[in-house]
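These notebook entries record what I looked up in the structure shown below.

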Amino acid sequence: MDPFLALLNSISSRLSPDELSNLKFLCQSKIGKRKLQAVKMGTELFSILLEQQDITPYDVAFLREILEGLKREDLVTELKHYEEAGEGDPAEQLGIEEKHKVETAFEVIRESVGRNWKMLIRKLGISDAKIDRIVAAHPNNLEEQMVQCLLAWKKSKGKEAKAEDLVKALRACKMNLVADKVEDALQAAV
């Protein structure tokens, strides 16, 4: 069983109806009104947050924030135990060589991908909701929006983040010239 899903299920089972209502209120900035109205259980709320990548097994900051907003120290403590028991952020566990390859690919993509960067980010599996939040956080700075989306991809993949996946996504988006540049930069770095 996935330890993170088990944690979310445990938290959900210990929420009173009033606390669920308060959690829904605290999530208004992340989840639309219609979706929130349909939520009847904590697990449903957490499923939406997972789908939108507002919470992940390696990024529980928002979850911590809303649990602290409930003043449920027991649940915050349970979350801390989960974090301490984990192996840490797998994005930090990328091998040094692969980490360098991904950073090299990011640099080439940052310099070479233009206005169609969102197509690439979607191909990498980042949701439109996540992209929209990043864009809103960095208005009028396309380069930073793209970099933050790439970092979100890297964080979501953890140690599975590979430069070759970036190249495949570029080719799938018909950005073959940029894919060739990435491959050339990776060869030159070896």
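In what order do the elements of the protein chain run from the N terminus on? I read the order as α-α-α-α-α-α-α-α-α-α-α-α, and I noted twelve helices and zero strands. Helices (H or I, at least four residues) and strands (E, at least two) are DSSP runs, numbered from the N terminus.

I recorded the basis of the entries next. The model is predicted, so that local features need pLDDT of at least 70 and side-chain atom pairs count only at pLDDT 80 or more, while totals for chains, interfaces and linings use all residues. Residues are numbered from 1 along each chain as its sequence is written, and side-chain values use heavy atoms, with hydrogens and water left out.

**Entry: overall chain**

I looked up the extent of the C-alpha trace, which spans about 55 × 35 × 25 Å along its principal axes. Of the 190 residues, 39% are buried; buried means under 20% relative accessible area, exposed over 50%, and partly exposed in between (1.4 Å probe, protein chains only). I then checked contacts, meaning heavy atoms within 4.5 Å. Among contacts between residues at least 6 apart in sequence, 63% join residues at least 24 apart.

**Entry: nonpolar cores**

A nonpolar core is a set of buried Ala, Val, Leu, Ile, Met, Phe, Trp, Tyr and Cys residues joined through side-chain atoms within 4.5 Å. I found 30 residues in the largest one, where Ile109, Val113, Leu120, Leu166, Leu170 and Val182 have the most contacts inside the core. Two or more residues each come from H7 (96-112), H8 (117-123), H9 (128-137), H10 (142-157), H11 (163-172) and H12 (176-189). Apart from this core I noted another, of 26 residues, including Phe4, Ile11, Val39 and Val60.

Which residues does leucine 120 touch, not counting those up to four places away in sequence? I listed Ile109, Val113, Ala169, Leu170, Cys173 and Met175.

**Entry: H7 against H12**

I looked up this pair and found an angle of about 140°, with the axes 9 Å apart. Axes are lines fitted to C-alpha atoms, for helices over the stretch in contact, and angles run from 0 to 180 degrees between N-to-C directions. H7 is therefore oblique to H12; angles under 35 degrees count as roughly parallel, over 145 as roughly antiparallel, 65 to 115 as roughly perpendicular and the rest as oblique. In H7 the contact involves His100, Lys101, Thr104, Ala105, Val108, Ile109 and Ser112, and in H12 Val178, Lys181, Val182, Ala185, Leu186 and Ala189.

**Entry: H9 against H10**

I found that the axes of H9 and H10 come within 9 Å and cross at roughly 140°, so these two helices are oblique to each other. Lys130, Ile131, Ile134 and Val135 of H9 make the contact with Gln145, Gln148, Cys149 and Ala152 of H10.

I also looked up glutamate 144, which lies in H10 and is partly exposed, at 26% relative accessible area. Glutamate 144 is ten residues from isoleucine 134 in sequence, with a C-alpha to C-alpha distance of 9.0 Å.

**Entry: positive phi**

Lysine 71, a residue other than glycine, has a positive phi near 65°. I placed lysine 71 in the loop between H5 (61-70) and H6 (73-85); its relative accessibility of 68% makes it exposed.

Is asparagine 140 buried or exposed? I noted asparagine 140 as exposed, at 83% relative accessible area. Asparagine 140 is in the loop between H9 and H10, and its phi is also positive, near 65°.
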